[in-house]
Amino acid sequence: SIVSYIDKEGCMKCKLRLHEWKEFKEQLDVSGKRVNIIFVANESIIKDLYLYLKEMDFHPDKVMCDKDNKFKIKNNIPKDFMLQTFLLDKTLKIVLVGNPIHNAKVKELYVKYIGK
């Protein structure tokens with residue numbers, strides 16, 4: 001699974017780049033590997049996120065609302081949005097940290113690990 005935390009800092013559309021998530025998900029689907037994409041969003045932006053997802057016709061596997069920042073606090077999510085995306089293995093252990101949409105080398109690492 002890929003988990004991406006979306007906070008209220010900065011421009012949500014600029015940070016998310018849903019068209020690139022859509023392409024990445026298609027790339028993974030074509031490879032035959034089943035990878036869940038999960039967005040966890042701060043409750044202050046959840047409505048905007050749902051509108052943006054609908055506008056871009058992108059359907060992540062799950063969208064969760066982080067009410068009262070409980071997820072962010074419990075999981076010690078960093079402030080740097082480039083470090084708010086994680087690749088989890090089958091046991092839900094974090095195996096990679098970084099945003100594959102904003103960093104081509106991180107994307108390569110995700111694809112390589114998923115392809116194992």
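Which handedness, left or right, does the crossing of α2 and α5 have? In this predicted model, the crossing of these two helices, α2 and α5, is right-handed, and the geometry behind that description can be followed from the axes to the side chains. The axes of α2 and of helix α5, which spans residues 104-114, come within 11 Å and cross at roughly 25°. Since angles under 35 degrees count as roughly parallel, α2 and α5 are therefore roughly parallel to each other. On the α2 side the meeting is made by Phe24, Gln27 and Leu28, and on the α5 side by Lys107, Tyr110, Val111 and Ile114. Sorted by class, the residues of this contact comprise five that are nonpolar, one that is polar and one that is charged.

Helix α2, which covers residues 18-30, also packs against helix α3, formed by residues 46-56, and here the two axes come within 10 Å and cross at roughly 60°. The helices α2 and α3 are therefore oblique to each other. The crossing in which α2 passes α3 is right-handed, and the contact draws on Leu18, His19 and Lys22 from α2, together with Tyr52, Leu53 and Met56 from α3. Four of the residues in this contact of α2 with α3 are nonpolar, while one is polar and one is charged.

The structure holds one cavity of 30 Å³ or more, and the volume of the largest cavity is about 80 Å³.

What classes of residue make up the lining of the largest cavity? The lining residues divide into five nonpolar, four polar and two charged.

Conventions. Residues are numbered from 1 along each chain as its sequence is written. This is a predicted model: local features need pLDDT of at least 70, side-chain atom pairs count only at pLDDT 80 or more; totals for chains, interfaces and linings use all residues. Side-chain values use heavy atoms; hydrogens and water are left out. Axes are lines fitted to C-alpha atoms, for helices over the stretch in contact, and angles run from 0 to 180 degrees between N-to-C directions. Helices (H or I, at least four residues) and strands (E, at least two) are DSSP runs, numbered from the N terminus. Angles under 35 degrees count as roughly parallel, over 145 as roughly antiparallel, 65 to 115 as roughly perpendicular and the rest as oblique. A crossing is left-handed if the near helix is turned anticlockwise from the far one by less than a right angle, and right-handed if clockwise. Contact means heavy atoms within 4.5 Å. Ala, Val, Leu, Ile, Met, Phe, Trp, Tyr, Cys and Pro count as nonpolar, Asp, Glu, Lys and Arg as charged, and the others, Gly among them, as polar. On a 1 Å grid over the protein atoms alone, a cavity is a set of points where a 1.4 Å probe fits but cannot get out, and a pocket is an open set with protein on both sides within 12 Å along at least five of seven lines; lining residues have an atom within 4 Å of a point. Grid points are joined across faces, edges and corners, and a volume is the space filled by probe spheres set on the points.
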